Amino acid sequence: MNMTTGRNRPAGLAAIDREMARQHADAIASYKSAEPMAERAAESLEKTGRLLLLGMGGSHAVNRAVEPLYRALGIDAVALPLSEQLGQPLPVVGRTIFVTSQSGESAEVLRWFDETGATEETFGLTLEGSSFLARTAPSLVGSGGTELAFAATRSLTVTFALHLAILAALGEDPTAALAILKAPEDHDIAAALAALENVATVVTSGRRLQGVAEALALGLTELSRRPCFSLEGGQLRHGPMEMLGPQIGVVLFRGLDETAGLVTAMAASAVEAGAPVILFDASTEAPVTGAVTIRFTPATGLAAIFAMLPVAQRLMIGFAEARVDNAGTPVRSTKITRSE
């Protein structure tokens, strides 16, 4: 599976490369600049004890990834797609609300504020300081401006850094996560790409790291135009195992947490089913025979996410580049979704 050279690299992927090249520096800057607003958001959470995380697309995947981190601090956190909140809303009274939109302009964001009006405990997370969201709600604004490339890469990392600032304000130690942003781990993905060379599609899965799996599945689908999707580990176990075989690639995320053993069991089952298995591994568990393991320094939470995400992004790009001539250039979508 040959990667194209820089000369004939699709313009869409070149744009993603540019975003990814600056994502760590922008994330560190975002963490620092967000501290005052992060303190306000943390004060709100300490008052309400309840959090509703609203977003669409990659923003919802970020929300799913941080949901367990807030829950671990005793906060009743729920992540919902903003479209779902518009159609069958959870009550907003007594909850802190984080509305996440990298552009701050998506159709659902505009309609939610128009129809619902923000509560006093509503905060925005966005990359665009002049956006509708930033003008309408007190917002944590990521550094570096709007992401221009189609599939979310830098916007995910920067938004995670905004959450790191909030979690730090709540008393979490950000040291490990910041260290990974300052010195990212690099890993060879050639074996992983080779394992996926002949698959028709990919299913991604995790337990506590399920949100990262969902972010990867979204990017894989957007870039490769294959119906790649994500199932939380338990949900994959309950019936969908029937699809597994040589044509279905499986990408799993295992961190240093109490769910690691369940991810290990899934990896072994998927290998047994004949599926090519890629294991992003920040645990201390043994490698799984038959799986391609990409081993990271043991970590959990945002440290694990920051370590794995850039490598997963490269896997996503390589997978798409082998299948689509103009990967990274949307044909049925736009970067900012302005219609519902």
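## Guided tour

Begin by selecting R225, which is found in the loop between α11 (210–224) and β7 (229–230); helices (H or I, at least four residues) and strands (E, at least two) are DSSP runs, numbered from the N terminus. The model is predicted: local features need pLDDT of at least 70 and side-chain atom pairs count only at pLDDT 80 or more, while totals for chains, interfaces and linings use all residues. Residues are numbered from 1 along each chain as its sequence is written, and side-chain values use heavy atoms, with hydrogens and water left out.

Stay on R225 and inspect its backbone: phi is near 60 degrees, a positive value in a residue other than glycine. Most residues other than glycine have a negative phi. R225 has a relative accessible area of 33% and is therefore partly exposed (buried means under 20%, exposed over 50%, partly exposed in between, with a 1.4 Å probe and protein chains only).

**The aromatic pairs**

Next, select F98 and F123. The whole structure holds seven aromatic pairs, and F98 with F123 is an edge-to-face one, 6.2 Å centre to centre with 85 degrees between the planes. Rings of Phe, Tyr and Trp (its six-membered ring) pair if their centres lie within 6.5 Å; planes under 30 degrees apart count as stacked, over 60 as edge-to-face and the rest as tilted. This pair links distant parts of the chain, F98 being in strand β3 (residues 96–100) and F123 in strand β4 (residues 122–126), 25 residues apart. F98 is buried at a relative accessible area of 0%, and F123 is buried at 3%.

Then move to W112 and F113, an edge-to-face pair at 5.1 Å centre to centre and 85 degrees between the planes. Both W112 and F113 are buried.

**Around strand β3**

Select T100, also found in strand β3. T100 is buried, at 2% relative accessibility. Its contacts (heavy atoms within 4.5 Å), leaving aside neighbours within four places in sequence, are L54, G55, M56, S59, N63, L125 and T159.

Now select L45, in helix α3 (residues 35–48). L45 is buried, with a relative accessible area of 2%. Among the residues that L45 touches beyond four places in sequence are Y70, F98, I166 and L170.

**A helix pair**

Show helix α8 (residues 154–169) with helix α14 (residues 301–321): the two pack at an angle of about 175 degrees, with their axes 11 Å apart. Axes are lines fitted to C-alpha atoms, for helices over the stretch in contact, and angles run from 0 to 180 degrees between N-to-C directions. The angle makes α8 roughly antiparallel to α14 (under 35 degrees counts as roughly parallel, over 145 as roughly antiparallel, 65 to 115 as roughly perpendicular and the rest as oblique). On the α8 side, select L156, T157, F160, A161, H163, L164 and L167, which meet L302, I305, F306, L309 and Q313 in α14.

**The final stops**

Select I189, in the loop between α9 (175–182) and α10 (190–195). I189 is buried, at 7% relative accessibility. Not counting residues up to four places away in sequence, I189 touches I294, V311, R314 and L315. Its C-alpha atom is separated by 8.9 Å from that of A312, 123 residues apart along the chain.

Finish at R323, which lies over the face of F319, at 3.7 Å from the ring centre. A charge sits over a ring if NZ of Lys or CZ of Arg is within 6 Å of the ring centre and within 35 degrees of the ring normal.
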